[in-house]
Amino acid sequence: MNILRRASTTRIVIAGALIVLAAGAASIALAGRSAGPTPPKRSLASAIHHALAGPRVAGVRARIRFSNHLLASGVLPDSSQPLLSGATGRLWATGGKARLELQADNGDTEIGFDGKTLIVYNVATNTAYEMAVPQNTGADHASESQHGVPSIASIQRALNQLASHVSLSGAIAGDVAGQPAYTVRVSPKHDGGLLGAVELAFDANRAVPLRIAVLSQGDSSPVLALSVTDISFGSVPAGDLAVHLAPGAKIVRVHPPHPPAHETAAHKPEVVGAAAVAGAVPFTLAAPASLVGVPRQDVRLIDGSGTPAAMVVYGHGLGAIILVEQQADGRDVGPLGSLPRVSVNGASGHELATALGTAIQFDRGGVRYTLVGSLPPAAAEAAARALA
């Protein structure tokens, strides 16, 4: 959690991904050994329709087991934290709100979402990280409430469109934590980077997600998984959904990248394109037309911790490379400063290598470069050296 404690715009792109993924998985689980009923075989569209047409669920309570093999042991100073090393715990969810409690020998971690704010609370350090989540408009909610269960034909049309981008396994009948369930495996057809597949299971009769597993390319075991050992359905008291901070807790506000404040206030259009962004940042913009053979797709101005910065995108989809350029502060070691060092054409940098991608950060000529991509360390290092 040391990385998030010094949270900045570039850090959110890197470390925040772990928080968002863990929080999103707070309502789903990967089953261990169980012997529950198995639903009848159905097409994927029919299975989805049947589940959506089932009874409304007031709430969910579950005991869970979270495993994380995304990072090698000891890579991060706080790698023993539950979010990074894995843990057992409990889950409560109802009405778009949820709380996930992960318990480990070195301290608990709680993740809560009240419909507006995501909170990740490190009990051991008494530090809470809060991030506001964009809200749907009233029109969006009204539109959703007017729609009933989609027909099998309409679901199939949506699946056909999705199948142009990913491979779908179909509905695999089985059971998850004693509940009848269907499992679907989704894998990218192209531009998937190091992502191999995502496996998702849902309750066959209630449309409640029950299983998620994320696999990297060439690996049959999940790098991220959330498992349930017991689950029940029913109303959930409001007190079970709240994250209760201890007295004196330190609160860190985490903000996702956004256009510079002066542009937002003036309601001006976004600054996009290499030439326009180069004229708006207080440093010499690199943003080469291609990076290790991958063509540049987008350049736009963002807020780099209070000063104008540039975000450059190379390639498409999950295989894209994201480059953030911002003015360097010599006193700030950067969000990756405590990670293993890497040399980038003589400049000292830091590297975070995971099973699903790599992040590298280094300073040169008063500019800080942060490169993130779903690619192996050697490829990320080659891309970084092409900038220096």
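Trainee: Is E130 buried or exposed, and how large is its relative accessible area?

Mentor: E130 is buried, with a relative accessible area of 14%. Buried means under 20% relative accessible area, exposed means over 50%, and partly exposed is anything in between (1.4 Å probe, protein chains only). This is a predicted model, so local features need pLDDT of at least 70 and side-chain atom pairs count only at pLDDT 80 or more, while totals for chains, interfaces and linings use all residues. Residues are numbered from 1 along each chain as its sequence is written, and side-chain values use heavy atoms, with hydrogens and water left out.

Trainee: Where does E130 lie, and which residues is E130 in contact with beyond its sequence neighbours?

Mentor: E130 lies in strand 6. Helices (H or I, at least four residues) and strands (E, at least two) are DSSP runs, numbered from the N terminus. A contact means heavy atoms within 4.5 Å. Leaving aside neighbours within four places in sequence, E130 is in contact with T117, L118 and I119, and also with I251, V252, R253 and V254.

Trainee: How many helices and strands does the protein have, and what share of the residues is buried?

Mentor: There are ten helices and 21 strands. Of the 388 residues, 45% are buried. Among the contacts with a separation of 6 or more, 57% join residues 24 or more positions apart.

Trainee: How should I read a nonpolar core, and which residues touch the most other members of the largest one?

Mentor: In soluble globular proteins, nonpolar side chains tend to be buried together. A nonpolar core is a set of buried Ala, Val, Leu, Ile, Met, Phe, Trp, Tyr and Cys residues joined through side-chain atoms within 4.5 Å. Here the largest core holds 29 residues, and I64, V176, V228 and I231 touch the most other members. Strands that each supply at least two residues of this core include strand 1 (60-68), strand 2 (87-94), strand 3 (97-103) and strand 12 (224-233). Apart from it lies another core of 27 residues, among them V271, V281, L285 and V344.

Trainee: What does I231 touch?

Mentor: Not counting residues up to four places away in sequence, I231 touches V60, R61, A62, A177, Q179 and L210.

Trainee: How do I read a helix pair, and at what angle do the axes of helix 4 and helix 7 cross?

Mentor: Two packed helices are described by the angle between their axes and the distance between the axes. Axes are lines fitted to C-alpha atoms, for helices over the stretch in contact, with angles from 0 to 180 degrees between N-to-C directions. The axes of helix 4 (residues 44-52) and helix 7 (residues 152-162) come within 9 Å and cross at roughly 125°. Helix 4 and helix 7 are therefore oblique to each other; under 35 degrees counts as roughly parallel, over 145 as roughly antiparallel, 65 to 115 as roughly perpendicular and the rest as oblique.

Trainee: Which residues meet between helix 4 and helix 7?

Mentor: From helix 4, L44, A45, S46, I48, H49 and L52 meet I152, I155, Q156 and L159 of helix 7. The buried residues of helix 4 are L44, A45, S46, A47 and A51, and they pack against helix 7, strand 7 (166-168), strand 9 (179-188) and strand 10.

Trainee: Where does G366 lie, and which residues does G366 touch?

Mentor: G366 lies in the loop between strand 20 (358-364) and strand 21 (367-373). At 43% relative accessibility, G366 counts as partly exposed. Not counting residues up to four places away in sequence, G366 touches Q326, Q327 and A328. The C-alpha atoms of G366 and Q327 are separated by 6.2 Å, although the two are 39 residues apart along the chain.
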